[in-house]
Amino acid sequence: FFRGFQLAGFENLSLVSCKEMQPLVDVRQTTQEVVAEAQHVFIDLGALQKAAASLAGKIQAIPHPEAPVLWDHELVHLRDMHRPELTAQYLLVLDGLNFCFWPDSTLEYGVLASTLRDAVLQDPSLLEASRLATVTADVMQREWFCGRTLPGVRERVRLMRELGHGLSAWYS
């Protein structure tokens, strides 16, 4: 979607205050100077619209709401059509846990995703903001990952607590 050597279509990019609960405020604020000064790149809005329409068509072509989606072709993720907020929380937690490469060759992404999925299916409340905000390494390893020792567990716990506090602050 990026072509050419001009920035077009973003001259009137407006910043929004955090009070308006816009999730991309930090991105807009930290990139405003780059966007204003960029001379070598522009966004091809026509190509972007064409890609969005193509993606929308693929989504509409899914024959059944329970059918696998393109991002879950290996069927390792939680996808609950009756509780989409649970799916969203699951993906937020998974993203936070998967912040770096795993130094354990037996703990690949699919294992991380499916083990977390299974734990959530057994106890969906483990993704509640209050539980994330107070999670411990012991609870994470014992309840989420069947007693497995996780590499970098202190950082993963810190990130989950931060996520829990953030969800509580924004969506209480």
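This report describes salt bridges in a predicted model, with attention to one linked group of charged side chains.

## Salt bridges in the model

Side chains of opposite charge can pair when their charged atoms come close. Counted with a limit of 4 Å between the side-chain nitrogen and the carboxyl oxygen, the salt bridges of this predicted model number seven.

A network of salt bridges links five residues by name: Asp 123, Arg 131, Asp 138, Arg 142 and Glu 143. The pairs described below involve these residues.

## The pair Asp 123 and Arg 131

Asp 123 and Arg 131 form a salt bridge through their side chains, with an N to O distance of 2.9 Å. Asp 123 has a relative accessible area of 28% and is partly exposed. Arg 131 is likewise partly exposed, at 26%.

## Arg 142 and its partners

Arg 142 takes part in a salt bridge with Asp 138, in which the closest N and O atoms lie 2.8 Å apart. Both residues belong to helix α6, which spans residues 137-144. Because Arg 142 and Asp 138 are four residues apart in this helix, about one helical turn separates them.

Arg 142 also meets the side chain of Glu 143 in a salt bridge, at 3.3 Å from N to O.

## Exposure of the Arg 142 group

Arg 142 is partly exposed, with a relative accessibility of 44%.

Terms used. Residues numbered from 1 in each chain as written. Predicted model: local features only at pLDDT ≥ 70, side-chain atom pairs only at ≥ 80, totals over all residues. Heavy atoms only, no water. Buried < 20%, exposed > 50% of the residue type's maximum accessible area, 1.4 Å probe, protein only. Helix = DSSP H or I, 4+ residues; strand = E, 2+ residues; numbered from the N terminus.
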